[in-house]
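Dear colleague,

Please find below the structure I promised to hand over. My findings follow directly after it.

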Amino acid sequence: MGSSGINAEYMGSSGINAEYMGSSGINAEYMGSSGINAEYMGSSGINAEYMGSGGVRPMGVSLLLAGYDHNGPQLYQVDPSGAYWQWKASAVGKKASTARTFLEKRYDENIELEDAIGIAILTLKEGFQGDMNENNIEIAVVRKSRTEEDFEFTTLSPPEVKDYLDQVS
């Protein structure tokens, strides 16, 4: 889950969303479900729940939720209002529209993972202030498991991120 809009006032909003979504997944597993897909998490997340209650302020963060299910890779953007959209590639944050335009020009349905990571790094570089290195960015991959009929979420290690940064510079 990626988030944007985090500052001192809203720092807790992203954590609250992550905790809520984690609890929802655990509850679904406990009830015997095979899991919760990204669309369900986007449509019924705590942002939507909060906005459905009177007198509660919006959470103040936009989220990108990535998942992989029987339909393949899924990406949803959830706004503080609780509204959500499905994307093939997207960005949230200060220069999101520029980043989305950059992604639209380079997106291909049959892109290989290595190329997708390179494009993601180039997209980040477009709006990144300062020196981008393996210690100030994280890259995560959501994909079908290589060994099972299951799905996996992997965060790349700093040395792996450095290798990708070296490839695109």
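Two aromatic pairs were found in this structure, which is a predicted model. In general, such a pair is described by the distance of the ring centres and the angle of the planes. For Y68 and F151, the ring centres are 5.2 Å apart and the planes stand at 35°, so this pair is tilted. Y68 has a relative accessible area of 25% and is partly exposed. F151 counts as partly exposed as well, at 34% relative accessibility.

The other pair is formed by Y76 and Y84, with ring centres 6.0 Å apart and planes at 50°; this pair is therefore also tilted. Y76 is buried, with a relative accessible area of 3%, whereas Y84 counts as partly exposed at 32% relative accessibility.

R143 is placed in strand β5. Is this arginine buried or exposed? R143 has 18% relative accessibility and therefore counts as buried, because the cut-off for a buried residue is under 20%. Another arginine, R106, lies over the face of the F102 ring, at 3.6 Å from the ring centre.

In soluble globular proteins, nonpolar side chains tend to be buried together. Here, the largest nonpolar core has 10 residues, namely I117, I121, M132, I137, I139, V141, L156, V161, Y164 and L165. The elements that contribute two or more residues to this core are α5 (113-127) and α6 (158-168). Of these, α6 gives the most, with three residues.

I121 is one of the core residues. Not counting residues up to four places away in sequence, I121 touches M132, I139, Y164, L165 and V168.

α5 comprises 15 residues and spans 22 Å from its first C-alpha to its last, close to the 21 Å expected at 1.5 Å a residue. Which residues of α5 are buried? They are I117, G118, I119, I121 and T123. What covers these buried residues includes α4 (96-106), β5 (140-144) and α6.

Finally, some values for the chain as a whole. The protein chain has six helices and six strands, and from the N terminus on its elements run β-α-α-α-β-β-β-α-α-β-β-α. The chain has 169 residues, of which 31% count as buried. Among contacts between residues at least 6 apart in sequence, 48% join residues at least 24 apart. The chain exposes about 10600 Å², and carbon and sulfur atoms supply 49% of this area.

With kind regards

Key
Residues are numbered from 1 along each chain as its sequence is written. This is a predicted model: local features need pLDDT of at least 70, side-chain atom pairs count only at pLDDT 80 or more; totals for chains, interfaces and linings use all residues. Side-chain values use heavy atoms; hydrogens and water are left out. A nonpolar core is a set of buried Ala, Val, Leu, Ile, Met, Phe, Trp, Tyr and Cys residues joined through side-chain atoms within 4.5 Å. Buried means under 20% relative accessible area, exposed over 50%, partly exposed in between (1.4 Å probe, protein chains only). Helices (H or I, at least four residues) and strands (E, at least two) are DSSP runs, numbered from the N terminus. Contact means heavy atoms within 4.5 Å. The expected span of a helix is 1.5 Å times one less than its number of residues. Rings of Phe, Tyr and Trp (its six-membered ring) pair if their centres lie within 6.5 Å; planes under 30 degrees apart count as stacked, over 60 as edge-to-face and the rest as tilted. A charge sits over a ring if NZ of Lys or CZ of Arg is within 6 Å of the ring centre and within 35 degrees of the ring normal. Accessible areas come from the Shrake-Rupley method with a 1.4 Å probe; for residues, only the protein chains shown count as cover.
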